[in-house]
Every structure is written in C-alpha cells, then in structure tokens.
Amino acid sequence: MKNKSIKLWLLLTTLFSCITANAYDFECDGLYYNINSDKSTVTLTKPTSSHYSGRLSIPENVTYKQKTYSVTAIESSTFSSSPALISVILPNTLTSLPSYAFSQCRALSEVQLGRAIQKIANQLFGNFIDD
C-alpha cells in the first residue's frame, strides 16, 4: 500500500509540474515567444498569467541569449481576452494571422498589418460583436 502511495504522489507531482511550467520559451520587452523547430524563428504566444495591454508593436526580430530570431508567427488566441489591449502593429515578417487572435479584445481599435500578410484566418476577431 505504501508503495502505491509513493507512486501516486510521484505521478501527481510530475503532472503538477507540467501544468505549472511556462507555456513560453522566453520573454522579451513584455512579449512572450516560443522558439520554433527550425531554431531560427519564433512564434508570439500568450502570457501564462496575464494578458497583453496598451499599444503593442511586435518586432520583426528579437534577441535572446545572444541569438536573434525572426518573428514569423502568432499562436491562435494570443491576444484573446485582453480587455485593455488598444492597438497592435504587426511586423512585416508575418505571412498569416490565426483564428481568434483578437477575440474578446473590447478596447482594441487598431491592428496594423505587415506587408507580407497573405492569409487571414476566419474568426480572427472571434465573434467580435457577440463576445
């Protein structure tokens, strides 16, 4: 019985540590990124314990640990439910925008698209009016 309790405790602590782990690889100037598999580009992601706010300008490149990465993607729902987000300027390094990126951003009044945007997903703003 004691052996089963120890195994259960180990399983639960392992699961808990996975849940509380950062959902991003690094933060730079208040923006959160995941390093892509090619190890030269990054994807902008949502902060784990807060929301983006104010006026954001997403850079084309970010430097982390003396390595420069190109910002090439935004995860789905990255800015969603950010009630104090006012405006976002997107870099020229993005080629597409994912679904629900700006869902439930009630204060959002401006999104400046980069020149390379070729694809905008359905529901980019979610059900903006009905949210």
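Residues are classed by relative accessible area: buried means under 20%, exposed over 50%, and partly exposed in between (1.4 Å probe, protein chains only). By this scale Cys-105 is buried, at 0% relative accessibility. Cys-28 also counts as buried, at 17%. A disulfide is a pair of cysteine sulfur atoms within 2.5 Å. The structure holds 0 disulfides.

The model is predicted; local features need pLDDT of at least 70, side-chain atom pairs count only at pLDDT 80 or more, and totals for chains, interfaces and linings use all residues. Residues are numbered from 1 along each chain as its sequence is written, and side-chain values use heavy atoms, with hydrogens and water left out.

Aromatic contacts were examined next. A pair of aromatic rings is described by the distance of the centres and the angle of the planes. Rings of Phe, Tyr and Trp (its six-membered ring) pair if their centres lie within 6.5 Å; planes under 30 degrees apart count as stacked, over 60 as edge-to-face and the rest as tilted. The structure holds 8 such pairs. Phe-26 and Tyr-64 are stacked, because their ring centres are 4.2 Å apart and their planes stand at 10 degrees. Phe-26 belongs to strand E1 (residues 26-28) and Tyr-64 to strand E5 (residues 61-64), so the pair ties together parts 38 residues apart in sequence. Helices (H or I, at least four residues) and strands (E, at least two) are DSSP runs, numbered from the N terminus. Phe-26 is buried, at 2% relative accessibility. Tyr-64 is partly exposed, at 25%. Ring pairs also link Tyr-24, Tyr-32, Tyr-52, Phe-79, Phe-102 and Phe-125 into a cluster.

A nonpolar core is a set of buried Ala, Val, Leu, Ile, Met, Phe, Trp, Tyr and Cys residues joined through side-chain atoms within 4.5 Å. The largest one has 27 residues. Tyr-33, Ile-58, Phe-79, Leu-85 and Phe-102 touch the most other members. E1, strand E2 (31-35), strand E3 (41-45), strand E6 (67-74) and E7 each give two or more residues to this core.

E7 also takes part in an open sheet. This sheet has 3 strands in the order E4-E7-E9, with parallel pairing. Two strands pair if DSSP finds at least two bridges between them. Strand E4 (54-57) and strand E9 (110-112) stand at the edges with a single partner strand each, so one side of each lacks a neighbour in the sheet. Strand E7 (residues 85-89) pairs with E9 in the parallel sense over 3 bridges. Val-88 has Val-111 in E9 as its bridge partner.
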